[in-house]
Amino acid sequence: MKNCEYRQIDLRALRTPTTRTSTNKTLQRVRRKWEVFPGKNRFYCDGRIMLARQCGVLPLTIVLIFMTSGLFFRFDCPFLVHHLTVFIPVIGGVLFLFVVITLLQTSFTDPGILPRALPDEAADIEKQIDNSRSSTYRPPPRTKEILINDQVVKLKYCFTCKMFRPPRTSHCSLCDNCVERFDHHCPWVGNCVGKRNYRFFYAFIVSLSFLTSFIFGCVITHLTLIRSEAGLFSYQLLSSTGSQRVNGIIQAIKESPASVVELVICFFSIWSILGLSGFHTYLVASNLTTNEDIKGSWSSKRGEESGNPYTYNNIFTNCCVVLCGPMQPSLIDRRGFLPPDDAPPIVTSDTELPHFMAKKDTNMEENCQEFAHSCTA
């Protein structure tokens, strides 16, 4: 009988599939839902902050607000405090903080995104649509009709989210999400404006109107006082020498060029901001959205007169419902955890292992057969 030839066998090559499965389970990383969110959004701070993917105008908004306010506090406030009152920077500071806070709340808040239908839910909806098919060869209808305050409202089917949109819901093409009570997509705040952040958006544009008007008035007052002082000086100089006159406007510009920059920015922005605030005040008082007003959903723009089924026929009640109603929780649960079965493991195949380990796995049966044959020979 020949002596048995012993070979050293790598224990890693003898691991069983159950060991591999248990190892993979331990290597799985718990993931949050925002990591696999299907919409076109960006998430920061572990899903606490969300923005639209196309938010390039938001930094410009922040720069304009901070630059104009910074020039005002640096160059205009000291002069106005000395000549008028100390409450000018206090009022400006309160308005500035309110504008910044409401802007960030509008930009970082979930506007009311509806989660997309699960595969089982989408299949059930498709089955219901197919069952409603008529005897003709026309495709089944993709709308539903419901009654709201004795008025027929159509619900449209969303082919992206695979569901019938609730009333006042629309699909934003830029964010690729269905947003509840969709108003519009605002690039200046970098987010959609919907049910959950409309109150912040309205507070932002109204407070920005007050801040812009306040700075605009203070800058004009500053330049006027400088001109008056320069005019008084030129009058005294002319009466004493009779040979020199100083232009008050040019002197004011020379003494405070930053005020001229603020004046130009406020002059070209105040009209659009005031107009936007007035338009949204009308929408709030009527319980309408920008999307509904542009499409003429409840007006004679579509050829037939139909009233707004969502209005309470009272301006005060409409304002309270839109701006002071309860804050609904977010439906997408972006910081929630995915089930373990849905989270892919970090190591899933032998291709992610080192080359020599995969090679020993493929030759495991051959090594065992040679070892058994040498022992029985």
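User: Among contacts in the protein chain between residues at least 6 apart in sequence, what percentage join residues at least 24 apart?

Analyst: The model is a predicted one. Its protein chain has eleven helices and nine strands, and buried residues make up 37% of the 377 residues. Among contacts between residues at least 6 apart in sequence, the share that joins residues at least 24 apart is 66%.

User: Which residues does Val189 touch, not counting residues up to four places away in sequence?

Analyst: Val189 lies in the loop between strand E8 (184–186) and strand E9 (191–193). Val189 is buried, and its relative accessible area is 0%. The C-alpha atoms of Val189 and Leu51 are separated by 9.1 Å, although the two residues are 138 residues apart along the chain. Leaving aside residues up to four places away in sequence, Val189 touches Leu51, Leu58, Leu103, Thr106, Ser107, Phe201 and Phe204.

User: Is Arg199 buried or exposed, and which side chain of opposite charge is nearest?

Analyst: Arg199 is found in helix H5, which covers residues 198–241. Arg199 is buried and has no salt bridge. A salt bridge requires a distance within 4 Å, whereas the nearest side chain of opposite charge is 11 Å away and belongs to Glu180.

User: The backbone oxygen of which residue lies 2.9 Å from a polar atom of the side chain of Arg199?

Analyst: Not counting residues up to four places away in sequence, Arg199 touches Val322, Leu323, Cys324, Gly325, Pro326 and Met327. One of these residues places its backbone oxygen 2.9 Å from a polar atom of the Arg199 side chain, and that residue is Gly325.

User: What order do the strands have in the open sheet of three strands, and which strands stand at its edges?

Analyst: The open sheet has the order E3-E4-E5, with antiparallel pairing. Each edge strand has a single partner strand, so one side of each is left without a neighbour in the sheet; these edge strands are E3 (143–147) and E5 (163–164).

User: Which residue takes a positive phi in the hairpin of E1 and E2?

Analyst: Strand E1 (residues 41–44) and strand E2 (residues 49–52) run antiparallel and are joined by four bridges. Within this pair, Asn41 stands opposite Ala52 in E2. The hairpin has four residues between the strands, and the residue with a positive phi near 55° is Cys45.

User: How far apart are the end C-alpha atoms of residues 81–104 and of residues 260–285?

Analyst: The unreviewed UniProt entry places the feature "transmembrane region" at residues 57–75, 81–104, 200–225 and 260–285. In the model, residues 81–104 are 88% helix and 0% strand, while residues 260–285 are 100% helix and 0% strand. The end C-alpha atoms of residues 81–104 are 30 Å apart, and those of residues 260–285 lie apart by 37 Å.

Notes
Residues numbered from 1 in each chain as written. Predicted model: local features only at pLDDT ≥ 70, side-chain atom pairs only at ≥ 80, totals over all residues. Heavy atoms only, no water. Pairing = 2+ DSSP bridges. Helix = DSSP H or I, 4+ residues; strand = E, 2+ residues; numbered from the N terminus. UniProt positions renumbered as here; feature names shortened; annotations may be inferred. Buried < 20%, exposed > 50% of the residue type's maximum accessible area, 1.4 Å probe, protein only. Lys, Arg positive; Asp, Glu negative; His and termini not counted. Polar contact = N/O pair within 3.5 Å; in protein donor to acceptor, adjacent residues only side chain to side chain. Contact = heavy atoms within 4.5 Å.
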